[in-house]
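Trainee: Please pick one part of this model and go through it closely. I would like the aromatic residues first, then whatever surrounds them.

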Amino acid sequence: MNETAVLQLRNVTKKIGRRTIVDHLSFDVPRGEVFGFLGPNGAGKTTTIRMIVGLIGMSDGEVYVQGIPVKKEFENAMRHVGAIVENPEMYKFLTGYQNLVHYARMHSGVTKQRIQEVVELVGLKNRIHEKVKKYSLGMRQRLGVAQAILHKPSVLILDEPTNGLDPAGIRELRDYLRRLAREEGIAIVVSSHLLSEMELMCDRVAIIQNGKLIDVQSLHDAKTVEQRRVTIETDDPLRAKETLESVLSVTDVAVREGEIELLADREQIAVITEMLVHAGSKIYGIRSASKSLEDQFLEMTGSEQIV
Ligand SMILES: Nc1ncnc2c1ncn2[C@@H]1O[C@H](COP(=O)(O)OP(=O)(O)O)[C@@H](O)[C@H]1O
Ligand SMILES: [Mg+2]
């Protein structure tokens, strides 16, 4: 058994009637990692998460939390798990702090000091004594996360945490999840149907479709040499294409309205940008996506619904 893996799924399966909704899923998540669970709507993400946290039973397979089997030792295993699966229950007329005190009573050994600690970890320190009804969606979610980690779990699971958040909220979520993973040494599992968000948040991503694990990919290893699909927004795409072809002998530059697209690795992106600016092109934006992951996801969903 991998000693650093605090969450392990082994052949986790859910059948409802004749349908297999989750089909023999196996993966490990180590301490300190933000692990993405990516798949289109209906892929089986929520069902898998509900099995991990014991909200529904497994038809087959087992989940281990710190080596403890969830099926056989449910309560023992759940002491190490924090999760937000459905909307967390909050008392809107109480303050954030009062809500946390309320939840702290449900666990033994949560001190006042621990409450302060989680409040700081999720960045709610300045607003914690305000009533929850005044909180934005992002703040409510932070409070939910604070609540879920009060008892110092080793695994934190969030089902579609970016739903309803604006880009700034998503960036903040990413920042504090990374801090949590690092500072508390938690393994964090986040699900999403959006590749772009996963790329921002996660160290590794598992792709699932129709309940099956398609692949697990690392997003940060070897990033420097990985070919990425790069889109550059520019004032004159044709001129930009010519510049790249003549100066850098880059071939396969696709021209679209207001932008060009090409394949390049991370270092090449820097050179390309410099060349374009030097040649007088205006650059309004640069986007890049890990090619293999995006292609795989596009093939899988069969559309261009990635945003
Ligand atoms: N209780 C249930 N009974 C029957 N089918 C279900 C039930 N729960 C989920 N499903 C089906 O299982 C599939 C996976 O659902 P879900 O896990 O919610 O996907 P995701 O979270 O990836 O969008 C969907 O086709 C859904 O309709
Ligand atoms: Mg879902």
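**The aromatic cluster and its surroundings**

Mentor: Phe27 and Phe37 are both buried. The model is predicted, and every value below is computed from it. Buried here means a relative accessible area under 20%.

Start with the rings. Two rings count as a pair if their centres lie within 6.5 Å, and on that basis there are two aromatic pairs. In one of them, the ring centres of Phe27 and Phe35 are 4.8 Å apart and the planes meet at 25°, so this pair is stacked; the cut-off for stacking is under 30 degrees. Phe27 and Phe35 are both buried. The pair of Phe27 with Phe37 is tilted, with 5.6 Å from centre to centre and 55° between the planes. Because Phe27 belongs to strand 2 (residues 19-30) and Phe37 to strand 3 (residues 34-38), this pair ties together parts that are ten residues apart in sequence. Phe27, Phe35 and Phe37 make up one aromatic cluster.

Strand 1 (residues 5-16) and strand 2 run antiparallel and are joined by eight bridges. The residue opposite Phe27 is Leu9.

As background, most residues other than glycine have a negative phi. Asn11, in strand 1, has a positive phi of about 55°. His24, in strand 2, has a positive phi of about 50°. Neither is buried: Asn11 is partly exposed at 39% relative accessible area, and His24 is partly exposed at 39%.

Strand 7 (residues 155-158) and strand 8 (residues 187-192) run parallel and are joined by four bridges. Val155 has Ala187 of strand 8 as its bridge partner.

Among the contacts of Ser191, leaving aside neighbours within four places in sequence, are Phe37, Lys45, Ile49, Leu158 and Met198. Ser191 lies in strand 8 and counts as buried because its relative accessibility is 1%. The side chain of Ser191 makes a polar contact of 2.5 Å with the side chain of Asp159. At 2.8 Å, the side chain of Ser191 also reaches the backbone nitrogen of Glu160. Glu160 sits in the loop between strand 7 and helix 6 (167-183). With 14% relative accessibility, Glu160 counts as buried too. The side chains of Glu160 and His193 are joined by a polar contact of 3.0 Å. Not counting residues up to four places away in sequence, Glu160 touches Asn41, Lys45, Ser191, Ser192 and His193. Lys45 is therefore a contact of both Ser191 and Glu160.

Last, the nonpolar packing. The largest nonpolar core has 44 residues; Leu100, Leu156, Leu177, Leu180 and Ile188 are those with the most contacts inside it. Taking Leu177 as an example, and leaving aside neighbours within four places in sequence, its contacts are Val34, Leu156, Leu158, Ile188, Val190 and Met201. Apart from that core lies another, of 31 residues, and Phe27 is one of them, along with Ile21, Val155 and Ala206.

Conventions
Residues numbered from 1 in each chain as written. Chains lettered and ligands numbered in written order. Predicted model: local features only at pLDDT ≥ 70, side-chain atom pairs only at ≥ 80, totals over all residues. Heavy atoms only, no water. Core = buried A, V, L, I, M, F, W, Y, C linked by side-chain atoms within 4.5 Å. Buried < 20%, exposed > 50% of the residue type's maximum accessible area, 1.4 Å probe, protein only. Contact = heavy atoms within 4.5 Å. Phe/Tyr/Trp six-rings, centres within 6.5 Å; stacked < 30°, edge-to-face > 60°. Helix = DSSP H or I, 4+ residues; strand = E, 2+ residues; numbered from the N terminus. Pairing = 2+ DSSP bridges. Polar contact = N/O pair within 3.5 Å; in protein donor to acceptor, adjacent residues only side chain to side chain.
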